[in-house]
Amino acid sequence: MKPAPFDYQAPATLREATLLLAADPEATVIAGGQSLMPLLAFRLAAPSLLVDLRRVSGLGTIAIGDSGVRLGARVRWRDIEDDRRLVTAHPLLREAIGHVAHYQIRNRGTVGGSLAHADPAAELPGIAVTCDAEISLAGAAGTRTIPAGEFFTGPLSTLRRPDEIITELHLPPWSRDRRWAFREFAQRQGDFALAGIVLFYDEDQDGRARNAHVGVIGACNRPHRLIEVETLLNGHQVDDGLIRQAAATAAQAVDPPEDLHAGAAYRRGLVATLVERGLRAAAQKRGR
Amino acid sequence: MRVNFQLNGDSVEVDVEPRMHLADCLRDVLRQTGTHLGCEHGVCGACTVIVDGDAVRACLMLAVQAEGSTVVTVEGLSTEAALTPLQTAFRKHHALQCGFCTPGMLTTAHALLTEEPDADADRIRSVLSGNLCRCTGYIGIVEAVLEARAAYRKAAPGAGKP
């Protein structure tokens with residue numbers, strides 16, 4: 001359980017950090033380390049150099065404005081939990097983050113770390129993909145922004161290049177009367193979810209759903225949206241019959257992995273149940 | 001690499017490999033063996049210490065990342081002379097048997113009650129869900145933390161109220 005040896009640098013600027021990464025293809029980034037440290041302990045990762053972002057300023061801000069919510073890469077789960085503005089600015093984000101790991105991990109785990117680690121069961125990547133968020137990166141060659149829907153390419157795999165550092169997650173504005181829900185099922189509190197769903201929709205003046213977004217975590221190789229379910233919901237009143245139909249459609253729309261915790265059929269069933277519960281909860285409450 | 005930080009009120013300087021986590025540094029280099037290491041990959045919570053006021057897992061943090069920080073371990077909670085109210089409550093409620101998880105329980109509960117002296121049983125259970133105890137079934141631990149709240153309210157009047 002001891003990591004393989006590595007060098008360590010804690011540069012003061014983002015520029016220095018990206019240059020260090022560019023100079024050594026085996027180098028990697030550490031911020032809170034709550035996902036990377038276990039990988040190092042198991043020697044699933046054995047970088048030559050760790051570039052620590054702890055001295056880099058300007059990555060720890062939660063900015064809320066007309067353009068939505070911007071989370072700096074070093075914002076911790078704890079910071080999201082403590083920020084009362086998010087109760088109205090992004091209740092879905094707050095609800096989902098409430099499920100991330102445990103108290104001690106929440107004090108160090110970061111937004112950028114979770115996005116870069118890209119565990120298929122992680123909550124924040126699911127929020128990012130479902131909410132049409134954008135992920136900003138800085139590299140030695142410059143900066144770029146990638147839609148979250150394209151960023152995650154598979155388990156622990158993203159479009160981030162080795163010399164790039166995630167700087168920000170940008171969530172589009174949240175509309176006040178939106179209906180939404182986050183539901184996940186894990187074997188113990190704080191464990192990775194066997195399956196989870198993220199959903200929201202707006203309503204037209206006749207109470208019909210529009211702009212439906214439904215995403216899945218855990219029961220998938222990477223977080224993704226369930227377009228078939230969204231299509232089913234759009235233009236219709238979300239009533240009992242439609243909810244049941246949406247649940248059945250969701251179960252067919254996922255391609256869950258098999259592992260020692262649960263088989264694919266069980267995870268499909270979970271997705272159906274969570275979509276049903278989520279839609280029922282969303283239909284009953286508006287905003288919050 | 002040389003690292004300087006405050007440990008239980010004293011300035012310490014250590015020379016460690018970058019790969020050494022904070023828990024090994026505390027135990028093997030600084031000989032503060034109150035911090036226990038169970039799983040070494042962030043699951044059991046036994047190694048919880050308080051860094052700059054926050055409860056964190058010392059196995060999920062490198063010693064070099066503690067540079068300039070203030071670290072409090074279970075040794076720093078009390079004096080040699082007496083138990084703290086939290087420790088006294090653990091004793092009273094039989095909140096430990098083998099004692100392996102206890103340092104992590106104490107540091108976690110101390111960090112929680114320092115910030116939230118009015119934490120209710122649900123909040124306490126939720127926070128302690130990151131600390132595994134294989135002996136007690138948690139009932140005594142939760143009761144002890146509930147009882148200790150009074151001492152934290154006295155210590156910080158107004159804390160925890162909006």
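1. In chain B, five strands make up an open sheet with mixed pairing, ordered S2-S1-S5-S3-S4. Strands are DSSP runs of E with at least two residues, helices are runs of H or I with at least four, and both are numbered from the N terminus; two strands pair if DSSP finds at least two bridges between them. Strand S2 (10-15) and strand S4 (54-57) of chain B each have a single partner strand, so one side of each edge strand lacks a neighbour in the sheet. On average, neighbouring strands of this sheet are turned by 40° against each other, direction ignored.

2. This is a predicted model, in which local features need pLDDT of at least 70 and side-chain atom pairs count only at pLDDT 80 or more, whereas totals for chains, interfaces and linings use all residues. Residues are numbered from 1 along each chain as its sequence is written, and chains are lettered from A and ligands numbered from 1 in the order in which they are written.

3. Strand S1 (residues 2-7) and strand S5 (residues 70-72) of chain B pair in the parallel sense over two bridges. B:Leu7 has B:Val71 of S5(B) as its bridge partner.

4. The contact between the chains takes 24 residues from chain A and 22 residues from chain B; residues are in contact if their C-beta atoms, placed from the backbone, lie within 7 Å. On the side of chain A that touches chain B, strand S1 (7-9), helix H2 (36-41), strand S3 (49-52) and helix H6 (103-106) of chain A each give two or more residues.

How values were computed: Contact = placed C-beta atoms within 7 Å. Axes fitted to C-alpha atoms, helices over the stretch in contact; angles between N-to-C directions.
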